[in-house]
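I opened my notebook to look up the aromatic rings. I wanted to know how they pair and what sits over them.

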Amino acid sequence: MNEPEPFKIKMVEPLKKLDKEERRKKIIDAGFNVFKLRSSDVYIDLLTDSGTSSMSDEQWSEMFKTEQAYAGSDSYYLLEETVKEIFGFDKFVPVHQGRAAENILFSVLVNDGDFVPNNMHFDTTKANVKHKGGTPVNLVRDEAYDIDKKVDFKGNLDTIKLREFIEEKGADKIPVIMLTVTNNTGGGQPVSMDNIRDVSEIAHEYDLPLFLDACRFAENAYFIKEREKGYSDKSIREIVKELFSYADGFTFSAKKEGLVNIGGLIGVRDEDLQERCENLGIIIEGFPTYGGMACRELSAMAKGIEEATTYEYQRYRHQQVQFLADRLIEADVPIIKPAGGHAVFIDAKSFLPNVPQEQFPAQALTVQLYIESGIRGVELGTSAFGELDKEGNIIPAEMETMRLAIPRRVYTLNQLNYVAESVIRLYENRETIKGLKRTYAPKLLGHFKAEFAPL
Ligand SMILES: *Cc1c(COP(=O)(O)O)cnc(C)c1O
């Protein structure tokens with residue numbers, strides 16, 4: 001039996017539900033792109049788990065107590081203590097969100113013509129590598145692309161591929177190896193401690209730094225506790241400490257497991273690298289003791305990281321995702337299995353087998369779910385990850401999914417039940433869903449602003 005939520009609700013936010021005709025008009029006005037909807041026109045918002053968490057009374061009270069100062073606010077030192085205690089890093093640079101961490105780190109490390117291996121790049125990570133003239137390379141194990149294959153650690157990086165890649169390109173062309181925990185793009189799938197250790201060993205053999213893209217580090221730690229031999233008696237914090245011990249640095253979006261609405265971190269061990277990141281950070285983010293945020297945001301982040309690394313919280317979190325996944329699996333809706341840590345990913349290729357990827361099946365599904373039920377998911381398929389060849393033809397993405405991300409501590413099981421029923425109903429009526437054509441898209445991260453039209 002599931003344990004109930006480890007909190008009670010002190011403040012509520014009323015929801016508004018438009019009728020279907022209104023929603024149809026809204027999505028037409030939005031160019032069939034849910035990023036262009038007003039959030040007040042959305043009933044249940046599963047666009048992202050990023051920056052959408054409910055904060056605790058402890059976090060709010062810490063924010064009120066924080067002194068606002070340009071330099072040397074106590075909030076920086078509170079965060080420093082947390083980063084030391086939880087991550088085991090004493091050098092860090094606060095930034096306003098994960099992509100700012102990526103921008104600074106890759107500006108400092110990546111040169112034109114370099115390669116950055118990762119198990120799988122997230123969209124902003126990929127874009128930031130490219131933006132600095134580098135080539136992002138995904139070296140996740142092959143099973144990651146097999147949606148039905150139940151593997152405990154589907155996010156693992158393939159170490160044979162990694163070795164071959166380093167030998168082929170030469171270590172001098174690789175400024176950093178990244179490992180994304182959990183692998184968001186590949187379905188929120190975890191990476192095992194064994195794999196982190198192996199990747200770290202290979203990196204260090206070639207004298208290369210290993211950085212974690214640590215956005216969902218604590219969810220990953222929970223999976224290690226549940227699934228990996230030798231970890232069931234360890235606390236989430238002990239696992240987290242070990243996980244980070246193999247890394248030379250990390251980037252982190254606190255909008256996920258910092259349980260805050262804005263914030264991020266770069267963690268490093270190398271003094272010179274910290275200096276370079278801080279100096280660039282001063283130009284683009286702000287003085288290092290506030291890092292582009294109000295000081296109170298740093299306090300909330302420090303508390304949030306503590307809360308996210310408790311077992312009770314993680315168990316609740318994983319039970320919510322599992323609940324939605326189980327309901328959909330019972331109804332044969334094709335999802336990535338096993339369920340990931342922060343979201344359920346629906347496989348649009350199997351959901352809409354008659355819509356070719358050039359017609360954006362995951363986008364079509366996302367649009368139809370909004371029209372039918374007022375639920376906003378997000379496309380992670382050819383719109384987000386596809387490429388164009390020289391003639392401008394679409395090269396489809398490897399995976400074609402609609403992600404339903406679960407914001408932290410926001411929705412009840414009853415609301416998730418509504419989501420499950422809505423998706424199941426959509427699946428029963430799937431023949432009515434047609435593909436889309438893309439009428440506009442900017443070059444980098446084009447999916448945010450892309451526009452579509454019915455075929
Ligand atoms: C969210 C995310 C990022 C980027 O963080 P933002 O705070 O959205 O800029 C990078 N990597 C992964 C794996 C993420 O999930």
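I began with a charge over a ring. The charged end of R269 sits over the ring of F89, and the distance to the ring centre is 3.8 Å. This is a predicted model, so I note computed values here.

I found another case at Y311. There the charged end of K225 lies over the ring, 5.4 Å from its centre.

Next I looked up F89 again. F89 belongs to one aromatic cluster with F87, F217, F244, F250 and F252.

Then I turned to the pairs. How many aromatic pairs does the structure hold? I noted 21. I picked Y76 and F92. Their ring centres are 5.1 Å apart and their planes stand at 15 degrees, so I logged the pair as stacked. The cut-off for stacked is under 30 degrees. Y76 sits in helix α3 (residues 74-87) and F92 in strand β2 (residues 91-95). The two are 16 residues apart, and the pair links distant parts of the chain.

Are these two buried or exposed? Y76 is buried, at 9% relative accessible area. F92 is buried too, with 1% relative accessibility.

I went on to F217 and F252. The centres of their rings are 5.6 Å apart and the planes are at 80 degrees, so this pair is edge-to-face. F217 lies in helix α8 (residues 217-227), while F252 lies in strand β7 (residues 249-253). The pair therefore ties together parts 35 residues apart in sequence.

Terms used. Residues are numbered from 1 along each chain as its sequence is written. This is a predicted model: local features need pLDDT of at least 70, side-chain atom pairs count only at pLDDT 80 or more; totals for chains, interfaces and linings use all residues. Side-chain values use heavy atoms; hydrogens and water are left out. Rings of Phe, Tyr and Trp (its six-membered ring) pair if their centres lie within 6.5 Å; planes under 30 degrees apart count as stacked, over 60 as edge-to-face and the rest as tilted. Helices (H or I, at least four residues) and strands (E, at least two) are DSSP runs, numbered from the N terminus. Buried means under 20% relative accessible area, exposed over 50%, partly exposed in between (1.4 Å probe, protein chains only). A charge sits over a ring if NZ of Lys or CZ of Arg is within 6 Å of the ring centre and within 35 degrees of the ring normal.
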